[in-house]
Amino acid sequence: SSSAASDVYKRQLFGAVGIKEDDLLVIYGDSFVNGYDTFAFWVMKYLGHEDVALLEGNRGGREAAGLKFVANPTPKAAETYTSDPALDLLTTADQLAGYQVVDARSPAEYAAGHLGGAINIDYSKVMGANGLASAQALSQTFSGLDKNQPVIVYSSKGGQASIVWYALYMQGYQVSLYILENQS
């Protein structure tokens, strides 16, 4: 099955670069606003890696804080990598009923057409200067959601949805992504 093949590939990929399933993985990128780092965080959680952190901000701020970047990192010895995927972090179309659905696109994209019952939480509304907005701002942004009910986030671009997913996840919501098919 494709799931079994994916699992073998994951074990080979992560194990080959010296990652073990109980390692702390720190995800970071050059810019929080593009969603690459939040999507990578989601992918690692989906693949079942438990101990994942996201380093918000940008390289300039990290260097100013004393973090050093190297051109050639020291390779690690290969390891055996095992983990169980967290399949509940990805939702299919037949699972949308009964969930709170969040459209993470801009208000203009939302107005042009959205899934029935979806509310619009523009991904830019959860952004701060170099990462997530403050907890108080996020609480206000998410005030229309019931924290006791699961939430599904979607957009036409995975990065947008993953930013809102990450903000909800960090606020303690039970949240998953829905990947729209046939979107440009």
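Which residues is Tyr110 in contact with, leaving aside its neighbours within four places in sequence? The views below show a predicted model, in which local features need pLDDT of at least 70, side-chain atom pairs count only at pLDDT 80 or more, and totals for chains, interfaces and linings use all residues. Residues are numbered from 1 along each chain as its sequence is written, and side-chain values use heavy atoms, with hydrogens and water left out.

View A. Leaving aside neighbours within four places in sequence, Tyr110 is in contact with Asp103, Arg105, Ala118, Ile119 and Asn120 (contact: heavy atoms within 4.5 Å). Helices (H or I, at least four residues) and strands (E, at least two) are DSSP runs, numbered from the N terminus. Tyr110 counts as buried because its relative accessibility is 19% (buried: under 20% relative accessible area, with a 1.4 Å probe and protein chains only). The C-alpha atoms of Tyr110 and Ala161 are separated by 13 Å, and these residues lie 51 residues apart along the chain.

**View B. The largest nonpolar core.** Of the 35 residues in this core, Phe142, Val153 and Leu168 touch the most other members. A nonpolar core is a set of buried Ala, Val, Leu, Ile, Met, Phe, Trp, Tyr and Cys residues joined through side-chain atoms within 4.5 Å. At least two residues of the core are supplied by each of strand E1 (25-27), H2, strand E2 (52-54), strand E6 (151-155), H6 and strand E7 (175-179). H6 provides the largest share, seven residues. A second, separate core has eight residues, including Val101, Tyr110, Tyr154 and Leu180.

**View C. Packing of helix H2 (residues 36-46) on helix H6 (residues 158-170).** The two helices pack at an angle of about 65°, with their axes 8 Å apart (axes are lines fitted to C-alpha atoms over the stretch in contact, and angles run from 0 to 180 degrees between N-to-C directions). H2 and H6 are therefore roughly perpendicular to each other (65 to 115 degrees). Contributors to the contact include Phe39, Phe41 and Trp42 of H2, and Ile163, Trp165 and Tyr166 of H6.

**View D. Gly131 in the loop between strand E5 (119-120) and helix H5 (135-141).** Gly131 is buried, with a relative accessible area of 3%. Beyond its neighbours within four places in sequence, Gly131 is in contact with Phe32, Glu56 and Val126. Gly131 and Ala167 are 36 residues apart in sequence and 9.7 Å apart in space, C-alpha to C-alpha.

Key
Parallel < 35°, antiparallel > 145°, perpendicular 65-115°, else oblique. Buried < 20%, exposed > 50% of the residue type's maximum accessible area, 1.4 Å probe, protein only.
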